[in-house]
Amino acid sequence: MKFKYFKPTSIEEALTLKSVYSESKFVAGGTDVFVLIKKKVINPPILISLRNIPSLNGIEESNDKIIIKSGTTLREIEKSELIQKNFPALYDALINMASVQIRNVGTIGGNICNASPAADTASPMLIYDAKVKVIDFKLNEKIYDLKDFFTGVKKTVLGENELLLEFILHRNSKNCGSAYYKFMKRKAMDLANVGVAIKLEMDKKKIKDVRVGLSTVAPTPIRAFKTEEFLKGKEFSEEILEQAGEIAKNECSPIDDIRGLAWHKREIVKVYVKRVSLIAYKRIKQ
Amino acid sequence: MKSIKFILNGDEVETEIRDDMMLLELLREKLSLTGTKEGCGEGECGACTVLVNGLNVDSCLYPAMEIEGKEVVTIEGLSENGELSAIQKSFLENGGVQCGFCTPGMIMSTKAFIDNLNGKGASDEDIKRALSGNLCRCTGYVQIIESVKKII
(Lines give C-alpha, C1' and ligand atoms only; values in the text may rest on other atoms or scores of the structure.)
Protein backbone atom coordinates (compact mmCIF):
# COMPACT_ATOMS: atom_id res chain seq x y z
CA MET A 1 0.00 0.00 0.00
CA LYS A 2 1.50 3.28 -1.09
CA PHE A 3 -0.52 6.35 -1.91
CA LYS A 4 -0.70 10.08 -1.38
CA TYR A 5 -3.85 11.23 0.36
CA PHE A 6 -5.50 14.57 -0.27
CA LYS A 7 -8.27 16.05 1.88
CA PRO A 8 -10.06 18.75 -0.10
CA THR A 9 -12.71 20.75 1.77
CA SER A 10 -14.81 21.86 -1.20
CA ILE A 11 -16.30 20.25 -4.30
CA GLU A 12 -14.34 22.63 -6.55
CA GLU A 13 -11.05 21.71 -4.89
CA ALA A 14 -11.83 17.98 -5.15
CA LEU A 15 -12.63 18.23 -8.86
CA THR A 16 -9.57 20.35 -9.57
CA LEU A 17 -7.32 17.81 -7.85
CA LYS A 18 -8.99 15.02 -9.81
CA SER A 19 -8.41 16.72 -13.16
CA VAL A 20 -4.80 17.68 -12.31
CA TYR A 21 -3.79 14.19 -11.14
CA SER A 22 -4.99 11.87 -13.87
CA GLU A 23 -4.13 8.70 -11.94
CA SER A 24 -6.02 9.71 -8.81
CA LYS A 25 -9.14 8.11 -7.40
CA PHE A 26 -11.93 9.53 -5.28
CA VAL A 27 -12.52 7.76 -1.98
CA ALA A 28 -15.45 8.33 0.38
CA GLY A 29 -15.77 5.94 3.35
CA GLY A 30 -13.17 3.66 1.80
CA THR A 31 -14.71 0.42 3.04
CA ASP A 32 -14.46 -1.00 -0.49
CA VAL A 33 -11.55 1.03 -1.85
CA PHE A 34 -9.09 0.20 0.96
CA VAL A 35 -9.97 -3.48 0.79
CA LEU A 36 -9.26 -3.48 -2.96
CA ILE A 37 -5.95 -1.68 -2.37
CA LYS A 38 -4.94 -4.12 0.38
CA LYS A 39 -5.80 -7.06 -1.87
CA LYS A 40 -3.75 -5.41 -4.64
CA VAL A 41 -6.71 -5.36 -7.02
CA ILE A 42 -6.19 -1.64 -7.57
CA ASN A 43 -3.15 0.50 -6.94
CA PRO A 44 -4.01 4.21 -7.18
CA PRO A 45 -0.98 6.42 -6.44
CA ILE A 46 -3.23 9.26 -5.26
CA LEU A 47 -6.47 9.18 -3.28
CA ILE A 48 -8.75 12.18 -2.98
CA SER A 49 -10.85 11.95 0.15
CA LEU A 50 -14.44 13.20 -0.03
CA ARG A 51 -14.96 13.04 3.72
CA ASN A 52 -14.17 16.63 4.57
CA ILE A 53 -16.56 18.38 2.19
CA PRO A 54 -19.51 19.63 4.25
CA SER A 55 -21.77 20.18 1.23
CA LEU A 56 -21.59 16.46 0.37
CA ASN A 57 -23.12 15.53 3.68
CA GLY A 58 -26.61 15.28 5.08
CA ILE A 59 -30.27 14.68 4.30
CA GLU A 60 -32.41 17.62 3.23
CA GLU A 61 -36.13 18.13 2.84
CA SER A 62 -37.74 20.57 0.46
CA ASN A 63 -41.45 20.47 -0.42
CA ASP A 64 -42.12 17.01 -1.84
CA LYS A 65 -38.42 16.25 -2.37
CA ILE A 66 -35.97 14.54 -0.07
CA ILE A 67 -32.31 14.86 -0.95
CA ILE A 68 -29.60 12.53 0.30
CA LYS A 69 -26.11 13.94 -0.23
CA SER A 70 -23.70 11.37 -1.63
CA GLY A 71 -21.26 11.49 1.31
CA THR A 72 -23.90 10.73 3.92
CA THR A 73 -22.95 7.60 5.82
CA LEU A 74 -25.16 4.53 5.66
CA ARG A 75 -25.60 4.71 9.42
CA GLU A 76 -26.80 8.34 9.33
CA ILE A 77 -29.39 7.41 6.71
CA GLU A 78 -30.52 4.38 8.71
CA LYS A 79 -30.97 6.56 11.82
CA SER A 80 -32.97 9.23 9.99
CA GLU A 81 -36.67 9.18 10.89
CA LEU A 82 -37.40 10.92 7.62
CA ILE A 83 -35.93 7.95 5.74
CA GLN A 84 -37.52 5.31 7.98
CA LYS A 85 -40.93 6.90 7.45
CA ASN A 86 -40.74 7.67 3.74
CA PHE A 87 -38.44 4.99 2.33
CA PRO A 88 -38.86 1.84 4.41
CA ALA A 89 -37.30 -0.41 1.74
CA LEU A 90 -34.09 1.60 1.98
CA TYR A 91 -34.20 1.22 5.76
CA ASP A 92 -34.72 -2.56 5.36
CA ALA A 93 -31.59 -2.69 3.20
CA LEU A 94 -29.44 -0.57 5.50
CA ILE A 95 -30.06 -2.38 8.76
CA ASN A 96 -29.06 -5.69 7.19
CA MET A 97 -26.01 -4.34 5.43
CA ALA A 98 -22.45 -5.28 6.49
CA SER A 99 -21.84 -4.21 10.12
CA VAL A 100 -22.32 -1.14 12.29
CA GLN A 101 -18.58 -0.42 11.93
CA ILE A 102 -18.82 -0.41 8.13
CA ARG A 103 -22.07 1.58 8.07
CA ASN A 104 -20.52 4.21 10.34
CA VAL A 105 -18.04 5.11 7.61
CA GLY A 106 -19.40 3.71 4.32
CA THR A 107 -21.48 6.16 2.28
CA ILE A 108 -24.48 5.79 0.01
CA GLY A 109 -22.60 7.52 -2.80
CA GLY A 110 -19.80 5.01 -2.42
CA ASN A 111 -22.18 2.07 -2.46
CA ILE A 112 -23.87 3.29 -5.65
CA CYS A 113 -20.66 4.38 -7.47
CA ASN A 114 -18.99 1.09 -6.64
CA ALA A 115 -21.81 -0.31 -8.81
CA SER A 116 -21.69 -3.86 -7.57
CA PRO A 117 -24.57 -5.98 -8.88
CA ALA A 118 -25.13 -6.79 -5.19
CA ALA A 119 -25.21 -3.16 -3.98
CA ASP A 120 -27.75 -3.22 -1.18
CA THR A 121 -28.91 0.37 -1.49
CA ALA A 122 -29.39 0.14 -5.27
CA SER A 123 -32.64 -1.77 -5.66
CA PRO A 124 -34.48 0.25 -2.98
CA MET A 125 -33.26 3.46 -4.62
CA LEU A 126 -34.46 2.10 -7.99
CA ILE A 127 -38.02 1.48 -6.78
CA TYR A 128 -38.21 5.02 -5.42
CA ASP A 129 -37.27 6.41 -8.87
CA ALA A 130 -34.18 8.08 -7.43
CA LYS A 131 -32.45 10.66 -9.56
CA VAL A 132 -28.71 11.21 -9.39
CA LYS A 133 -27.08 14.64 -9.64
CA VAL A 134 -23.56 14.64 -11.05
CA ILE A 135 -21.06 17.50 -11.43
CA ASP A 136 -18.04 17.68 -13.72
CA PHE A 137 -14.78 19.60 -13.30
CA LYS A 138 -16.17 22.55 -15.23
CA LEU A 139 -18.92 22.61 -12.58
CA ASN A 140 -21.65 21.66 -15.06
CA GLU A 141 -24.38 19.63 -13.40
CA LYS A 142 -26.30 16.75 -14.94
CA ILE A 143 -29.19 14.68 -13.64
CA TYR A 144 -29.66 10.99 -14.45
CA ASP A 145 -32.36 8.51 -13.56
CA LEU A 146 -30.70 5.92 -11.34
CA LYS A 147 -31.99 3.21 -13.68
CA ASP A 148 -29.76 4.68 -16.41
CA PHE A 149 -26.76 5.18 -14.10
CA PHE A 150 -25.40 1.62 -14.03
CA THR A 151 -23.85 0.43 -17.28
CA GLY A 152 -22.24 -2.89 -16.32
CA VAL A 153 -20.57 -4.83 -13.54
CA LYS A 154 -18.85 -2.14 -11.45
CA LYS A 155 -19.46 0.39 -14.25
CA THR A 156 -21.48 3.60 -14.28
CA VAL A 157 -22.04 6.57 -16.58
CA LEU A 158 -19.73 8.67 -14.37
CA GLY A 159 -16.85 10.17 -16.32
CA GLU A 160 -13.25 10.37 -15.09
CA ASN A 161 -13.55 13.89 -13.73
CA GLU A 162 -17.12 13.71 -12.48
CA LEU A 163 -18.48 13.47 -8.99
CA LEU A 164 -21.82 12.22 -7.71
CA LEU A 165 -23.36 15.01 -5.64
CA GLU A 166 -26.71 13.80 -4.39
CA PHE A 167 -29.74 11.57 -4.75
CA ILE A 168 -33.11 13.18 -5.32
CA LEU A 169 -36.14 11.28 -4.06
CA HIS A 170 -39.82 12.11 -3.96
CA ARG A 171 -42.19 11.38 -1.13
CA ASN A 172 -44.57 8.53 -1.89
CA SER A 173 -48.34 8.87 -1.86
CA LYS A 174 -50.36 7.61 1.08
CA ASN A 175 -51.44 4.46 -0.77
CA CYS A 176 -47.87 3.28 -1.22
CA GLY A 177 -46.10 0.50 0.60
CA SER A 178 -42.59 -0.76 0.02
CA ALA A 179 -40.09 -3.29 1.30
CA TYR A 180 -36.70 -4.86 0.57
CA TYR A 181 -35.54 -8.30 1.48
CA LYS A 182 -32.32 -10.09 0.73
CA PHE A 183 -31.52 -13.74 0.75
CA MET A 184 -28.26 -14.47 2.57
CA LYS A 185 -26.38 -17.52 3.74
CA ARG A 186 -25.77 -15.97 7.14
CA LYS A 187 -27.64 -13.32 9.07
CA ALA A 188 -24.98 -10.64 9.09
CA MET A 189 -21.86 -9.46 7.27
CA ASP A 190 -23.01 -11.10 4.07
CA LEU A 191 -23.58 -9.90 0.57
CA ALA A 192 -27.01 -10.39 -0.93
CA ASN A 193 -27.38 -13.64 -2.86
CA VAL A 194 -30.56 -12.14 -4.18
CA GLY A 195 -32.12 -8.81 -3.22
CA VAL A 196 -35.70 -7.87 -4.04
CA ALA A 197 -37.25 -4.42 -3.51
CA ILE A 198 -40.90 -3.72 -4.25
CA LYS A 199 -43.06 -0.62 -4.11
CA LEU A 200 -46.83 -0.92 -4.54
CA GLU A 201 -49.25 1.92 -5.06
CA MET A 202 -52.80 0.76 -4.53
CA ASP A 203 -56.18 2.07 -5.59
CA LYS A 204 -58.42 0.09 -3.27
CA LYS A 205 -57.84 -3.52 -4.37
CA LYS A 206 -56.18 -2.59 -7.65
CA ILE A 207 -52.46 -2.18 -8.18
CA LYS A 208 -52.29 1.34 -9.54
CA ASP A 209 -48.52 1.39 -9.95
CA VAL A 210 -45.62 -0.84 -9.03
CA ARG A 211 -41.83 -0.92 -9.04
CA VAL A 212 -39.71 -4.05 -8.81
CA GLY A 213 -35.97 -3.70 -8.18
CA LEU A 214 -33.61 -6.70 -8.23
CA SER A 215 -30.02 -7.06 -6.99
CA THR A 216 -27.39 -9.70 -7.72
CA VAL A 217 -29.34 -11.36 -10.56
CA ALA A 218 -27.99 -9.33 -13.50
CA PRO A 219 -24.75 -7.46 -14.34
CA THR A 220 -26.21 -4.41 -12.58
CA PRO A 221 -29.03 -3.81 -10.13
CA ILE A 222 -32.12 -3.71 -12.37
CA ARG A 223 -35.78 -2.80 -12.59
CA ALA A 224 -37.95 -5.75 -13.63
CA PHE A 225 -40.00 -3.85 -16.20
CA LYS A 226 -41.94 -6.83 -17.59
CA THR A 227 -42.99 -7.86 -14.11
CA GLU A 228 -44.09 -4.30 -13.35
CA GLU A 229 -46.05 -4.12 -16.61
CA PHE A 230 -47.82 -7.38 -15.81
CA LEU A 231 -48.85 -6.27 -12.31
CA LYS A 232 -50.02 -2.78 -13.24
CA GLY A 233 -53.81 -2.50 -13.15
CA LYS A 234 -54.32 -6.02 -11.78
CA GLU A 235 -56.31 -6.81 -8.69
CA PHE A 236 -54.01 -7.68 -5.78
CA SER A 237 -53.99 -11.40 -4.96
CA GLU A 238 -51.53 -14.11 -4.05
CA GLU A 239 -52.11 -15.84 -7.40
CA ILE A 240 -51.23 -12.68 -9.31
CA LEU A 241 -48.06 -12.31 -7.25
CA GLU A 242 -47.08 -15.89 -8.02
CA GLN A 243 -47.52 -15.24 -11.73
CA ALA A 244 -45.48 -12.04 -11.36
CA GLY A 245 -42.75 -14.05 -9.62
CA GLU A 246 -42.65 -16.40 -12.58
CA ILE A 247 -42.14 -13.46 -14.95
CA ALA A 248 -39.45 -11.90 -12.75
CA LYS A 249 -37.67 -15.24 -12.54
CA ASN A 250 -37.33 -15.30 -16.32
CA GLU A 251 -36.68 -11.60 -16.66
CA CYS A 252 -33.45 -11.57 -14.64
CA SER A 253 -30.12 -13.01 -15.80
CA PRO A 254 -28.20 -14.44 -12.86
CA ILE A 255 -24.98 -16.43 -13.26
CA ASP A 256 -23.46 -19.33 -11.34
CA ASP A 257 -20.94 -17.83 -8.95
CA ILE A 258 -19.56 -17.99 -5.44
CA ARG A 259 -22.87 -16.78 -4.06
CA GLY A 260 -25.00 -19.48 -5.59
CA LEU A 261 -26.25 -21.16 -8.72
CA ALA A 262 -28.25 -19.29 -11.33
CA TRP A 263 -31.29 -21.62 -11.23
CA HIS A 264 -31.48 -21.25 -7.46
CA LYS A 265 -31.27 -17.46 -7.62
CA ARG A 266 -34.13 -17.47 -10.13
CA GLU A 267 -36.26 -19.57 -7.78
CA ILE A 268 -35.49 -17.18 -4.93
CA VAL A 269 -36.53 -14.22 -7.10
CA LYS A 270 -39.83 -15.97 -7.79
CA VAL A 271 -40.55 -16.63 -4.13
CA TYR A 272 -39.35 -13.22 -2.96
CA VAL A 273 -41.42 -11.21 -5.45
CA LYS A 274 -44.49 -12.59 -3.75
CA ARG A 275 -43.13 -12.44 -0.22
CA VAL A 276 -41.80 -8.88 -0.45
CA SER A 277 -45.00 -7.70 -2.18
CA LEU A 278 -47.03 -9.04 0.73
CA ILE A 279 -44.84 -7.15 3.22
CA ALA A 280 -45.13 -3.97 1.13
CA TYR A 281 -48.91 -4.41 0.96
CA LYS A 282 -49.20 -4.88 4.70
CA ARG A 283 -47.29 -1.66 5.27
CA ILE A 284 -49.92 0.37 3.36
CA LYS A 285 -52.63 -0.58 5.79
CA GLN A 286 -50.57 0.44 8.80
CA MET B 1 5.42 12.32 6.78
CA LYS B 2 2.74 14.63 8.11
CA SER B 3 2.13 15.86 11.61
CA ILE B 4 -1.37 15.46 13.02
CA LYS B 5 -3.04 16.24 16.33
CA PHE B 6 -5.91 14.33 17.85
CA ILE B 7 -7.33 13.23 21.19
CA LEU B 8 -6.39 9.68 22.16
CA ASN B 9 -8.06 8.21 25.24
CA GLY B 10 -8.58 11.70 26.62
CA ASP B 11 -5.11 13.07 25.99
CA GLU B 12 -3.97 15.28 23.14
CA VAL B 13 -1.46 13.51 20.93
CA GLU B 14 0.75 14.95 18.22
CA THR B 15 2.41 12.45 15.94
CA GLU B 16 3.92 11.94 12.51
CA ILE B 17 2.10 9.74 10.03
CA ARG B 18 2.43 8.54 6.46
CA ASP B 19 -0.33 9.29 3.94
CA ASP B 20 -1.12 5.62 3.49
CA MET B 21 -1.12 4.65 7.16
CA MET B 22 -4.27 3.17 8.62
CA LEU B 23 -5.35 4.07 12.15
CA LEU B 24 -4.65 0.50 13.30
CA GLU B 25 -1.00 0.71 12.28
CA LEU B 26 -0.65 4.11 13.95
CA LEU B 27 -2.06 2.78 17.22
CA ARG B 28 -0.12 -0.45 17.36
CA GLU B 29 3.20 0.27 15.65
CA LYS B 30 3.73 3.94 16.36
CA LEU B 31 1.91 4.56 19.64
CA SER B 32 2.46 1.05 21.08
CA LEU B 33 -1.19 0.56 22.02
CA THR B 34 -1.39 -3.13 21.22
CA GLY B 35 -4.75 -3.75 22.88
CA THR B 36 -6.40 -3.17 19.50
CA LYS B 37 -5.91 -6.31 17.40
CA GLU B 38 -5.52 -6.96 13.72
CA GLY B 39 -7.64 -9.87 12.51
CA CYS B 40 -8.61 -9.94 8.86
CA GLY B 41 -7.46 -6.45 7.92
CA GLU B 42 -10.49 -6.11 5.63
CA GLY B 43 -13.32 -4.90 7.84
CA GLU B 44 -14.93 -8.32 8.25
CA CYS B 45 -13.94 -9.44 11.76
CA GLY B 46 -14.05 -6.31 13.94
CA ALA B 47 -11.01 -7.22 16.07
CA CYS B 48 -9.57 -3.76 15.34
CA THR B 49 -12.70 -1.84 16.42
CA VAL B 50 -12.08 1.52 18.11
CA LEU B 51 -14.27 4.56 18.66
CA VAL B 52 -13.82 7.67 16.52
CA ASN B 53 -15.93 10.56 17.79
CA GLY B 54 -18.04 8.00 19.64
CA LEU B 55 -18.72 5.77 16.62
CA ASN B 56 -17.31 2.25 16.44
CA VAL B 57 -15.21 1.79 13.30
CA ASP B 58 -12.78 -0.78 11.92
CA SER B 59 -9.40 0.89 12.44
CA CYS B 60 -7.82 -1.33 9.75
CA LEU B 61 -9.82 0.56 7.10
CA TYR B 62 -9.72 4.00 8.71
CA PRO B 63 -7.01 6.28 7.28
CA ALA B 64 -4.88 7.87 10.01
CA MET B 65 -5.05 11.04 7.88
CA GLU B 66 -8.75 11.33 8.77
CA ILE B 67 -8.34 11.44 12.56
CA GLU B 68 -6.85 14.94 12.64
CA GLY B 69 -8.85 16.87 15.24
CA LYS B 70 -10.99 13.87 16.16
CA GLU B 71 -11.39 11.91 19.36
CA VAL B 72 -10.22 8.28 19.40
CA VAL B 73 -10.92 5.81 22.21
CA THR B 74 -9.26 2.38 22.33
CA ILE B 75 -9.61 -0.51 24.78
CA GLU B 76 -6.75 1.07 26.80
CA GLY B 77 -8.93 4.12 27.42
CA LEU B 78 -11.81 2.38 29.18
CA SER B 79 -10.50 1.75 32.67
CA GLU B 80 -10.60 4.56 35.19
CA ASN B 81 -8.13 5.04 38.07
CA GLY B 82 -6.84 1.52 37.55
CA GLU B 83 -10.35 0.02 37.75
CA LEU B 84 -11.82 -1.89 34.83
CA SER B 85 -14.98 -0.41 33.29
CA ALA B 86 -18.36 -2.02 33.90
CA ILE B 87 -18.35 -3.59 30.42
CA GLN B 88 -14.91 -5.13 30.94
CA LYS B 89 -15.92 -6.51 34.34
CA SER B 90 -19.09 -8.00 32.91
CA PHE B 91 -17.16 -9.80 30.16
CA LEU B 92 -14.82 -11.26 32.79
CA GLU B 93 -17.55 -12.29 35.19
CA ASN B 94 -19.82 -13.84 32.57
CA GLY B 95 -17.21 -15.78 30.61
CA GLY B 96 -17.38 -13.45 27.61
CA VAL B 97 -13.62 -13.89 27.17
CA GLN B 98 -11.87 -17.06 26.10
CA CYS B 99 -8.73 -16.55 24.03
CA GLY B 100 -9.27 -12.80 24.25
CA PHE B 101 -8.35 -11.85 20.70
CA CYS B 102 -11.77 -10.54 19.69
CA THR B 103 -12.49 -9.08 23.13
CA PRO B 104 -11.15 -5.52 22.70
CA GLY B 105 -13.23 -5.13 19.53
CA MET B 106 -16.29 -6.72 21.12
CA ILE B 107 -16.01 -4.39 24.08
CA MET B 108 -15.58 -1.27 21.93
CA SER B 109 -18.68 -2.18 19.87
CA THR B 110 -20.55 -2.85 23.12
CA LYS B 111 -19.50 0.55 24.42
CA ALA B 112 -20.74 2.35 21.29
CA PHE B 113 -23.99 0.38 21.50
CA ILE B 114 -24.66 1.07 25.18
CA ASP B 115 -23.67 4.75 24.94
CA ASN B 116 -26.21 5.02 22.11
CA LEU B 117 -29.09 3.43 24.03
CA ASN B 118 -29.48 6.48 26.28
CA GLY B 119 -30.84 4.35 29.07
CA LYS B 120 -33.34 2.48 26.86
CA GLY B 121 -33.50 -1.30 27.01
CA ALA B 122 -32.37 -3.69 24.30
CA SER B 123 -33.48 -7.13 23.12
CA ASP B 124 -31.17 -10.05 22.36
CA GLU B 125 -31.82 -9.29 18.71
CA ASP B 126 -30.64 -5.68 19.18
CA ILE B 127 -27.45 -6.90 20.87
CA LYS B 128 -26.78 -9.42 18.08
CA ARG B 129 -27.25 -6.73 15.45
CA ALA B 130 -24.97 -4.32 17.32
CA LEU B 131 -22.20 -6.93 17.55
CA SER B 132 -22.71 -8.51 14.13
CA GLY B 133 -19.47 -6.94 12.88
CA ASN B 134 -17.39 -8.64 15.60
CA LEU B 135 -16.49 -12.27 15.06
CA CYS B 136 -15.53 -14.63 17.88
CA ARG B 137 -14.17 -18.10 17.16
CA CYS B 138 -14.14 -19.42 20.75
CA THR B 139 -17.12 -18.83 22.99
CA GLY B 140 -19.95 -19.22 20.53
CA TYR B 141 -21.42 -15.82 21.42
CA VAL B 142 -23.83 -16.97 24.15
CA GLN B 143 -21.61 -15.73 26.98
CA ILE B 144 -20.79 -12.54 25.08
CA ILE B 145 -24.45 -11.66 24.65
CA GLU B 146 -25.00 -12.53 28.31
CA SER B 147 -22.13 -10.20 29.29
CA VAL B 148 -23.74 -7.33 27.40
CA LYS B 149 -27.25 -8.07 28.73
CA LYS B 150 -26.08 -7.93 32.34
CA ILE B 151 -25.05 -4.31 32.10
CA ILE B 152 -27.97 -2.83 30.16
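## Chain A: content and overall form

Chain A holds 11 helices and 14 strands. Both are DSSP runs, numbered from the N terminus: helices are H or I with at least four residues, strands are E with at least two. This is a predicted model, in which local features need pLDDT of at least 70 and side-chain atom pairs count only at pLDDT 80 or more, while totals for chains, interfaces and linings use all residues. Residues are numbered from 1 along each chain as its sequence is written, and chains are lettered from A and ligands numbered from 1 in the order in which they are written.

The C-alpha atoms of chain A fill a box of roughly 60 × 45 × 30 Å along the principal axes. Why does the radius of gyration of chain A agree with that of a compact globule? A compact globule of 286 residues would have a value near 19 Å, and chain A has 19 Å. The radius is taken over C-alpha atoms, and the globule rule is 2.2 Å times the number of residues to the power 0.38.

Of the 286 residues in chain A, 50% are buried. A residue is buried if 20 or more other C-beta atoms, placed from the backbone, lie within 10 Å of its own. Contacts are also counted on C-beta atoms placed from the backbone: two residues are in contact if these lie within 7 Å. Take the contacts in chain A between residues at least 6 apart in sequence: 64% of them join residues at least 24 apart.

## Chain A: domains

Chain A is assigned domain 1 (4–49), domain 2 (57–170) and domain 3 (176–285). Such bounds come from an automatic or database domain assignment. The C-alpha centres of domain 1 and domain 2 of chain A are 19 Å apart. Their contact takes 13 residues from domain 1 of chain A and 14 residues from domain 2 of chain A.

Which element gives the most to the side of domain 1 of chain A that touches domain 2 of chain A? Helix H1 (residues 11–20) of chain A does, with seven residues. By class, that side of domain 1 of chain A has five nonpolar, five polar and three charged residues. Ala, Val, Leu, Ile, Met, Phe, Trp, Tyr, Cys and Pro count as nonpolar; Asp, Glu, Lys and Arg count as charged; the others, Gly among them, count as polar.

## Chain A: strand pairing

Three strands of chain A make an open sheet in the order S1-S3-S2, with parallel pairing. Two strands pair if DSSP finds at least two bridges between them. The edges are S1 (4–6) and S2 (24–27) of chain A, each pairing on one side only. Neighbouring strands of this sheet are turned by 25° against each other on average, direction ignored. Three bridges link S1(A) to strand S3 (residues 46–49) of chain A in the parallel sense. Tyr5(A) has Leu47(A) in S3(A) as its bridge partner.

Strand S4 (residues 59–62) and strand S5 (residues 65–69) of chain A run antiparallel, joined by four bridges. Glu60(A) stands opposite Ile67(A) in S5(A). S4(A) and S5(A) form a hairpin with two residues between them. In the turn, Asn63(A) has a positive phi of about 50°.

## Chain B: sheet and domains

Chain B has an open sheet of five strands, ordered S2-S1-S5-S3-S4, with mixed pairing. Its edge strands are S2 (11–17) and S4 of chain B, each pairing on one side only. Neighbouring strands here are turned by 40° against each other on average, direction ignored. S3(B) runs antiparallel to strand S5 (residues 71–73) of chain B, with two bridges between them. Leu51(B) has Val73(B) in S5(B) as its bridge partner.

Chain B is divided into domain 1 (2–77) and domain 2 (86–149). The C-alpha centres of these two domains of chain B lie 21 Å apart. In the contact, 14 residues of domain 1 of chain B meet 13 residues of domain 2 of chain B. Strands S3 (49–52) and S4 (55–58) of chain B are the elements that give two or more residues to the domain 1 side. S3(B) gives the most, with three residues. That side has seven nonpolar, six polar and one charged residues.

Helix H3 (residues 103–117) of chain B lies across S3 and S4 of chain B, at about 35° to S3(B). Axes are lines fitted to C-alpha atoms, for helices over the stretch in contact, and angles run from 0 to 180 degrees between N-to-C directions.

## Interface of chains A and B

How many residues of chain B are in contact with chain A? There are 21, and they touch 21 residues of chain A. S4(B) gives the most to the chain B side, with four residues. By class, the chain B side has seven nonpolar, eight polar and six charged residues.

Conventions: A residue is buried if 20 or more other C-beta atoms lie within 10 Å of its own, exposed if 12 or fewer, and partly exposed in between; C-beta atoms are placed from the backbone.
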